Amino acid sequence: MDEQKQQRLRKITESIIGLPTLPTVVTQMISLIDNPNTSASDVAKLISTDQALTAKMLKLANSAFYGFPREIATVNHAVVVLGFETVKSLGLSVSVLERFSGASNNGDFDRQRFWEHSIACAVAARILATKVRYRTRGQGEAFAGGILHDIGKLVLSQFFPEEFSEILHLVSTEDIYIGKAEEAVLGLTHAEVGAWLGERWNMPKQLVDAIGYHHMPGRLPPREAELPALIHLADFLCRREQIGDGGSARMPS
């Protein structure tokens with residue numbers, strides 16, 4: 001990214017008044033899990049201080065998505081069976097869903113179908129991660145990448161509704177890829193906005209890269225491109241099957 005675009009991106013993102021932040025418990029959880037001396041009980045104690053996060057973590061752990069044969073009744077048990085990386089990814093995903101759960105300021109953007117697309121991408125990315133044996137316990141990371149890959153669209157929709165309406169109008173009338181429409185209207189894309197937000201929230205670098213490069217994983221070194229490539233493929237498959245709505249059906253050319 002050239003310096004002018006980087007400055008434009010920072011200026012737009014930092015100028016958003018009331019930009020949601022991650023809960024303190026989630027940022028603490030990320031730091032705690034990244035510490036090699038941390039135990040499962042340490043993570044469980046921290047999560048248990050947040051009742052809402054605790055309830056949602058247990059609900060997810062007991063969902064058919066994970067298919068454990070016995071009920072997971074405690075956070076400590078959830079941390080042990082899910083693993084640190086999955087717990088971290090689920091915590092991030094839950095927090096982001098909460099931060100952008102309010103009504104949209106943009107009537108042209110269907111949030112319900114947007115979340116359907118994001119969740120479908122998360123499920124597809126997790127399945128793909130298992131198939132290609134992406135990292136140890138990398139399925140949770142892939143799931144979070146799928147949930148978060150289009151977070152920049154929510155930022156644009158919520159804080160720049162007029163510009164985003166113009167973007168969607170261009171997509172509809174000229175049948176172009178949404179990234180090209182975003183470049184024409186704002187001079188940057190939802191992927192760049194989302195990646196900058198991820199950096200601001202101190203997300204793990206691999207998730208920031210997945211958000212920023214999910215349409216162009218080939219621009220990263222091969223080892224760093226693994227997760228973005230997984231998300232790119234999951235996104236493509238969900239668009240092909242028309243699951244939900246990511247803002248446009250057109251893929252980048």
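Me: What makes α8 and α13 oblique to each other?
Reply: The axes of helix α8 (residues 139-148) and helix α13 (residues 205-212) cross at roughly 40° and come within 9 Å. Angles under 35 degrees count as roughly parallel, over 145 as roughly antiparallel, 65 to 115 as roughly perpendicular and the rest as oblique, so this pair is oblique. Axes here are lines fitted to C-alpha atoms, for helices over the stretch in contact, with angles from 0 to 180 degrees between N-to-C directions. Bear in mind that this is a predicted model, where local features need pLDDT of at least 70, side-chain atom pairs count only at pLDDT 80 or more, and totals for chains, interfaces and linings use all residues. Residues are numbered from 1 along each chain as its sequence is written, and side-chain values use heavy atoms, leaving out hydrogens and water.

Me: Which residues make the contact of α8 and α13?
Reply: On the α8 side, Glu141, Ala144, Gly145 and Leu148; on the α13 side, Gln206, Leu207 and Ile211. Contact means heavy atoms within 4.5 Å.

Me: Why is α2 called roughly antiparallel to α3?
Reply: Helix α2 (residues 24-33) and helix α3 (residues 40-48) have axes that cross at roughly 175° and come within 10 Å. That angle makes the pair roughly antiparallel. In the contact, Val25, Gln28, Met29, Leu32 and Ile33 of α2 meet Asp42, Val43, Leu46 and Ile47 of α3.

Me: And what makes α9 and α12 roughly perpendicular?
Reply: Helix α9 (residues 151-159) packs on helix α12 (residues 190-200) at an angle of about 100°, with the axes 7 Å apart. The two are therefore roughly perpendicular to each other. From α9 come Ile151, Gly152, Lys153, Val155 and Leu156, which meet His190, Val193, Gly194 and Leu197 of α12.

Me: How do you know which residues line the second largest pocket?
Reply: Lining residues have an atom within 4 Å of a point of the pocket, an open set on a 1 Å grid with protein on both sides within 12 Å along at least five of seven lines. Here the lining is Lys56, Lys59, Leu60, Leu90, Ser93, Val94, Leu97, Trp115, Ile119, Phe143 and Ile147. The pocket holds about 250 Å³ of space.

Me: Which helix gives the most to that lining?
Reply: α6 does, with four residues. At least two residues each come from α4 (51-61), α6 (84-99), α7 (111-131) and α8.

Technical notes. 1 Å grid on protein atoms, 1.4 Å probe; cavity = no way out; pocket = protein on both sides within 12 Å on 5 of 7 lines; lining within 4 Å. Points joined across faces, edges and corners; volume = space filled by probe spheres on them.
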